[in-house]
Amino acid sequence: MSERDAAPWTCPTCARAAPREGKAFPFCSPRCRLIDLGRWAGGDYKVSRALEPDDLEEAARDGLPVEGLERFGPFDPEP
Ligand SMILES: [Zn+2]
């Protein structure tokens, strides 16, 4: 089996393999998840509109890791 087959998912933050059964999935570790959240909070990522509390519920239904995102609210539109 090649190395690529053994790594079905890579951490968005550090590009290392992230185990799907890991608690921080899709990140390889809680640290990488926090780094990613920090990027969002810092405005490095641009979104088409402000994040709403409903978005968190929707993301949670989709199985995305939204735990901890609430503390970035309330979600004001960008100036
Ligand atoms: Zn990582």
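This is a predicted model: local features need pLDDT of at least 70, side-chain atom pairs count only at pLDDT 80 or more; totals for chains, interfaces and linings use all residues.
In total the protein has three helices and zero strands.

Me: Why is Pro12 called partly exposed?
Reply: Happy to go through the count. Pro12 has 15 C-beta neighbours inside 10 Å. A buried residue needs 20 or more and an exposed one has 12 or fewer, so Pro12 falls in between and counts as partly exposed.

Me: Why is Ala15 called exposed?
Reply: Ala15 has 11 C-beta neighbours inside 10 Å. The limit for exposed is 12 or fewer, so Ala15 counts as exposed. Ala15 sits in the loop between helix 1 and helix 2, and its phi is positive, about 70°, although Ala15 is not a glycine.

Me: Which residues does Pro12 touch, leaving out those up to four places away in sequence?
Reply: Pro12 touches Pro26, Phe27 and Asp36. To be called contacts, the C-beta atoms must lie within 7 Å. For Phe27 there is also a C-alpha to C-alpha value: Pro12 and Phe27 are 6.4 Å apart in space and 15 residues apart in sequence. Pro12 itself is placed in the loop between helix 1 and helix 2.

Me: What makes the peptide bond from Phe25 to Pro26 worth a look?
Reply: That bond is cis, with omega near 10°. Pro26 belongs to the loop between helix 1 and helix 2, and Pro26 is one of the residues that Pro12 touches.

Me: Why is helix 3 said to lie largely in the open?
Reply: Helix 3 spans residues 53-61, and of its nine residues the number buried is zero, so helix 3 lies largely in the open. After helix 3 comes Gly63, with a positive phi near 85°.

Me: How many of the residues of the protein count as buried?
Reply: Of the 79 residues, 8% count as buried. As for contacts with a separation of 6 or more, 20% are between residues 24 or more positions apart.

Notes: Residues are numbered from 1 along each chain as its sequence is written. Helices (H or I, at least four residues) and strands (E, at least two) are DSSP runs, numbered from the N terminus. Two residues are in contact if their C-beta atoms, placed from the backbone, lie within 7 Å.
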